[in-house]
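Thank you all for coming. I would like to walk you through one protein this morning, beginning with the overall fold and then moving to a few individual residues.

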Amino acid sequence: MSDNSKGFVPLKTLKHTLPLAGAYLLYMLVTMESVRGVNVPMYTTLRRTTVVFTMLVEYMLVGQRYSPSVIFSVGLIVFGAFVAGARDLSFDAHGYAIVFLSNITTAIYLATIARVGKTSGLNSFGLMWCNGVTCGPFLFIWTLVRGDVKMTINSPYLLSPGFIVVLLFSCILAFFLNYSIFLNTTLNSALAQTICGNLKDLFTIGFGWIIFGGLPFDFWNVVGQLLGFAGSGLYAYYKLIGR
């Protein structure tokens, strides 16, 4: 083993991943705020328009161009999102604006992963590690200022075995979720990750309707959801056949 492998990650590498850390912090803060403004099913519907912002950000950052087949599948996803949300009875302009801002930050975050991953020489785990080292101090200061650290220390469930087990599994799931996002984005593209994320929405929407409510059952909403899933499937098909 070389001497470099025994030391801390080079400062130059950390500096190279600073844009990723900034994009991640912005993405996380805005996304956490956006889910409060609308109900879960409609939040998921509006989040599907992230694909358009991702295409625009990738074009601006790396000059990525897409085939007509891919543009058609993305258009079908967005069209389905608007069909699904056209008759939403719980419309909130401020909530919708925050969700669209969240879409923009998500697109920037994913495009930054792809770009930094290709230029830094780090693999997916290395990117995650550098991102965690850089963001950790900022997040700790933020939670300290907001009083979250004090609230956690004073929580009566802090040492509860049930809470510790749930927290442990939550951390494990978060690790695999983030690793999957980094791996898929670096190996494929930011757009591929965005569209793959839409496939999980079938379960999110179903559980959102059953558990949280807030969105009346509507025929056009169901049609819009199906159009979105069809667009995701078409994108996957076109990528497999090289179109």
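What you see here is built from 12 helices and 0 strands, so please keep in mind from the start that this is a predicted model. Read from one end of the sequence to the other, the pattern is simply α-α-α-α-α-α-α-α-α-α-α-α. Of the 243 residues, 39% count as buried, and the accessible surface comes to about 14300 Å², with 72% of that area belonging to carbon and sulfur atoms. If we take the contacts between residues at least 6 apart in sequence, 86% of them join residues that are at least 24 apart.

Before we go inside, a word about the annotation. The UniProt record, which is an unreviewed entry, gives "transmembrane region" for residues 20-38, 68-86, 93-114, 126-145 and 157-181. In the model, the stretch 126-145 is 100% helix and 0% strand, and its end C-alpha atoms lie 29 Å apart. For the stretch 20-38 the figures are 79% helix and 0% strand, with 28 Å between the end C-alpha atoms.

Now for the outside. Which residues form a nonpolar patch on the surface? They are Phe125, Trp129, Val133, Val165, Leu168, Phe169, Ile172, Phe175 and Phe176, and together they have about 840 Å² of accessible area. Helices α7 and α9 each supply at least two residues of this patch, and the largest share, 6 residues, comes from α9.

Valine 133, a member of the patch, is found in helix α7 and is partly exposed, with a relative accessible area of 30%. Threonine 134 also lies in helix α7, but threonine 134 has a relative accessible area of 12% and is therefore buried. Leaving aside neighbours within four places in sequence, threonine 134 is in contact with Leu14, Thr17, Leu18 and Ala21.

How many salt bridges does a search of the whole structure find? It finds 1, and that salt bridge joins the side chains of aspartate 148 and arginine 146, at 3.7 Å from N to O. Aspartate 148 has a relative accessible area of 28% and so counts as partly exposed.

Threonine 50 lies in helix α4 (residues 50-62). Is threonine 50 buried or exposed? Its relative accessibility is 3%, and because buried means under 20%, threonine 50 counts as buried. Not counting residues up to four places away in sequence, threonine 50 touches Asn103, Thr106, Ala107 and Thr194.

Serine 189 sits in the loop between α9 and α10 (190-198), and at 16% relative accessibility this serine, too, counts as buried. Serine 189 and isoleucine 113 are 76 residues apart in sequence, yet their C-alpha atoms are 9.1 Å apart in space. With residues up to four places away again set aside, serine 189 touches Glu58, Asn184 and Tyr235.

At 23% relative accessibility, leucine 227 counts as partly exposed. Leucine 227 and alanine 84 are separated by 143 residues in sequence and by 9.0 Å in space, C-alpha to C-alpha. Beyond the residues up to four places away in sequence, leucine 227 touches Leu76, Phe79, Gly80 and Val83.

That is the tour I had planned, and I am happy to take questions.

Conventions:
Residues are numbered from 1 along each chain as its sequence is written. This is a predicted model: local features need pLDDT of at least 70, side-chain atom pairs count only at pLDDT 80 or more; totals for chains, interfaces and linings use all residues. Side-chain values use heavy atoms; hydrogens and water are left out. Patches are made of residues with over 30% relative accessible area and no salt bridge: like charges are joined within 9 Å, nonpolar side chains (Val, Leu, Ile, Met, Phe, Trp, Tyr) within 5 Å. Accessible areas come from the Shrake-Rupley method with a 1.4 Å probe; for residues, only the protein chains shown count as cover. A salt bridge is a side-chain nitrogen of Lys or Arg within 4 Å of a carboxyl oxygen of Asp or Glu. Helices (H or I, at least four residues) and strands (E, at least two) are DSSP runs, numbered from the N terminus. Buried means under 20% relative accessible area, exposed over 50%, partly exposed in between (1.4 Å probe, protein chains only). Contact means heavy atoms within 4.5 Å. UniProt positions are given in the numbering used here, feature names are shortened, and annotations may be inferred rather than shown by experiment.
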